[in-house]
Amino acid sequence: MREITYAQAISEAIDEEMRRDEKVIMFGEDIGIKGGNFGQTQGLYEKYGEWRIKDTPISENSFVGLALGAALTGLRPIVEIMYSDFLVVAGDQIFNQLAKIRYMSGGQTKVPLTLCTTIGMGRSTAAQHSQSLHALVSHVPGLKVVMPSNATEAKGLLKTAIRDDNPVIFFEHRMEFNQKHNVPEGEILIPFGKANIVKEGKDITVVGIAREVSNSLKASERLVKEGIDIEIIDLRTIVPMDRKTIINSVKKTGKLLIVDEGHERCGVAAEIGMDIIKNVFFDLDLPIERICTKNVPIPFSPILEEEIMPTEDKIYHRVKRMMRRDNIG
Amino acid sequence: MLKILRDSDFLAKLFKDMLKIRLFENKVVELYSNGIMPGLAHLYIGEEAVAVGVCNALSEQDYVTSTHRGHGHVIARGADLNKMMAEILGRRTGYCKGKGGSMHIIDMTKGLLGANGIVAAGIPIATGAGYSAKYRKTKQVSVVFFGDAASNHGNFHESINMAAAWKLPVIYVCENNLYGISVDIRKVTNTENIADRACAYNIPGQIVDGNDVVAVFEIAQKAVERARQGLGPTLIECKTYRWKGHHLADPGTIYRAEKERKEWIQKCPIKNFKERMIKNNTFSEKEIIIFENEIKELIDNATEFALNSSYPEKSEAYEDIYFSAKEEEVYL
């Protein structure tokens with residue numbers, strides 16, 4: 001099996017879908033000659049030309065609207081917003097237009113549009129280039145929300161997104177772009193709404209979102225040595241959410257920890273917990289816990305950034321605390 | 001004499017289209033006043049020549065995006081009045097099955113990509129339709145209607161900039177009716193004409209009397225021709241006036257002088273067109289009465305159709321969110 005980076009996996013997915021269907025086009029900032037801010041569109045401009053890989057001006061709201069207009073008239077656009085922090089610059093088109101036009105029109109339209117954007121801390125880019133705003137778009141009915149956890153997942157989920165006839169918001173993690181992964185050759189299509197049990201275990205269910213899956217796996221390597229066997233679930237998609245896989249796992253382990261890099265308040269972890277509590281209440285040994293980003297703007301200094309974000313270490317310690325509490329109880 | 005002034009069928013169509021809008025809107029006022037219509041509507045009365053002049057310069061395959069004040073554009077595009085009226089009254093037989101209402105009428109079969117509740121939001125969407133037409137090499141053009149107030153929104157600048165840079169087949173039609181709700185455009189804008197801004201994008205900017213349907217048609221036709229030839233976008237500013245308030249519940253009197261309103265009403269696009277046609281012997285008064293009766297009947301039928309239509313089932317609130325109906329259960 002070959003190893004490629006997460007960025008390469010993304011450009012491969014776009015390349016394959018563009019080759020397969022000439023209706024697929026892409027709009028975004030620096031996706032042309034530069035090959036994407038993080039290398040996600042490397043080589044595609046040379047291959048497909050400027051009308052399919054279209055460098056846009058810094059006009060987020062209008063180029064998302066532009067993509068919507070293209071989607072309504074027979075194309076399958078991919079549109080890129082460089083940082084999820086800039087989603088709000090395009091807020092009207094995302095929240096009021098893309099998400100709603102099908103419903104508002106009584107089902108007359110379809111919007112086969114994939115919006116790719118990036119999330120994540122770890123590079124000291126402070127409060128306007130580090131946020132993980134996936135909860136924001138998950139709140140608005142009409143969008144699908146996808147959170148790949150590694151290169152293979154990114155490729156398989158992105159190809160599914162591009163073929164979907166609904167607007168999909170696809171969150172790439174900045175710390176993953178250069179990470180290599182064994183990505184199988186050939187077609188990969190990962191369906192939405194099917195969480196992935198990446199490691200089976202009996203002690204605690206850990207639901208990870210995006211990068212927190214690999215953080216949980218790293219924490220697990222340490223925990224295993226101490227005899228703690230966690231089950232790790234990669235949520236994959238927030239909308240639609242695979243409640244069943246989480247519920248079944250919690251029924252088995254009796255404990256649930258949710259790890260998400262979004263801010264804690266009104267976040268996806270809260271949503272998962274509230275959503276499944278009615279199904280698992282009597283199976284729980286202890287309250288549902290979560291590790292999210294603290295409710296402060298993202299700070300610049302690495303010391304401060306590390307303080308507020310979920311980390312492998314925090315997962316490790318929280319699992320241990322949950323297990324001790326369990327032992328005492 | 002202009003060529004179109006010799007085409008009496010076409011002139012009759014322009015007249016009937018404008019009258020359809022006027023009488024439809026009058027009926028909306030009546031239904032609202034009688035408490036039959038839920039929500040609100042933003043009336044197009046006084047601006048009919050703009051939508052009718054522009055839409056009659058288009059082919060069936062072209063695209064249009066509209067505004068919150070959208071009834072006129074929708075009717076001028078040839079929409080089904082029954083489905084429009086039913087939508088406005090929240091019935092399941094409406095264009096959007098009662099989910100959109102007055103501000104969100106869409107007819108994909110007529111390239112009508114939507115009226116829109118957000119000011120200026122249709123501008124980039126129409127620009128994208130233009131991009132799509134250019135990419136697919138279909139020779140379709142895309143028209144976006146927007147008000148004077150929308151020209152101060154970032155979407156105006158962002159979208160025209162892209163269309164100009166990429167020579168997209170898009171016609172930007174500004175309906176300058178002088179007021180954004182209550183705010184006089186002259187108090188918040190330093191250019192006398194919105195069309196003057198075209199020079200910033202190196203595209204043609206045209207000003208036209210928005211009460212003269214023939215003049216609007218002529219200028220729109222040139223812009224359409226230019227767009228189809230691949231020469232890029234045009235900005236057209238139609239000087240017009242909304243006779244009524246911002247919406248049905250706004251009398252529109254406190255922020256405008258009655259004298260100003262009356263002066264504009266004197267320039268009524270329908271009355272003036274009618275008088276001109278009679279003077280030119282294009283139609284007799286008798287023929288005009290026949291046209292009027294024909295339109296009245298259409299409006300009455302639409303109203304009857306809407307009032308006899310049922311409301312949606314409650315379960316329909318949970319439909320049409322995502323493309324595949326089967327999936328919807330998963331997402332709720």
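Which residues lie nearest the centre of the largest pocket? I started there: they are A:Ala135, A:Ser138, A:His139, A:Val140 and A:Glu271, out of 31 lining residues.

**Ground rules.** I am working on a predicted model, where local features need pLDDT of at least 70, side-chain atom pairs count only at pLDDT 80 or more, and totals for chains, interfaces and linings use all residues. Residues are numbered from 1 along each chain as its sequence is written, chains are lettered from A and ligands numbered from 1 in written order, and side-chain values use heavy atoms, with hydrogens and water left out.

**Pocket.** I noted a space of about 760 Å³ for the largest pocket. My terms: on a 1 Å grid over the protein atoms alone, where a 1.4 Å probe fits, a pocket is an open set of points with protein on both sides within 12 Å along at least five of seven lines, and lining residues have an atom within 4 Å of a point. Grid points are joined across faces, edges and corners, and the volume is the space filled by probe spheres set on the points.

I then looked up which elements give two or more residues to the lining: helix 6 (134–138), strand 12 (237–239), strand 13 (256–263) and helix 10 (268–280) of chain A, plus helix 13 (325–331) of chain B. Helix 10 of chain A has the largest share, with four residues. Helices (H or I, at least four residues) and strands (E, at least two) are DSSP runs, numbered from the N terminus.

By residue type I got 18 nonpolar, nine polar and four charged in the lining. Here Ala, Val, Leu, Ile, Met, Phe, Trp, Tyr, Cys and Pro count as nonpolar, Asp, Glu, Lys and Arg as charged, and the others, Gly among them, as polar.

**Domains of chain A.** Chain A splits into domain 1 (3–182) and domain 2 (196–328), with bounds from an automatic or database domain assignment. Each of the two gives at least three residues to the pocket lining. Their C-alpha centres are 27 Å apart, and 27 residues of domain 1 touch 27 residues of domain 2 (contact means heavy atoms within 4.5 Å).

**Sheet in chain A.** I traced an open, mixed sheet of seven strands in the order 3-2-4-5-7-6-12; two strands pair if DSSP finds at least two bridges between them. Strand 3 (53–55) and strand 12 of chain A are at the edges with a single partner strand each, so one side of each has no neighbour in the sheet. Strand 2 (24–28) and strand 4 (76–81) of chain A are parallel over five bridges, and A:Gly28 sits opposite A:Glu80. Helix 3 (60–72) of chain A packs on this sheet, touching strands 2, 4 and 5 (114–119), at about 170° to the direction of strand 4. Axes are lines fitted to C-alpha atoms, for helices over the stretch in contact, and angles run from 0 to 180 degrees between N-to-C directions.

**Sheet in chain B.** This open sheet has five strands in the order 1-2-3-7-6, with parallel pairing. Six bridges join strand 2 (142–147) to strand 3 (170–176) of chain B, and B:Val144 has B:Tyr172 as its bridge partner.

I found a cis peptide bond from A:Val239 to A:Pro240; A:Pro240 is in the loop between strand 12 and helix 9 (243–253) of chain A. A:Asp30 is not a glycine, yet has a positive phi of about 60°.
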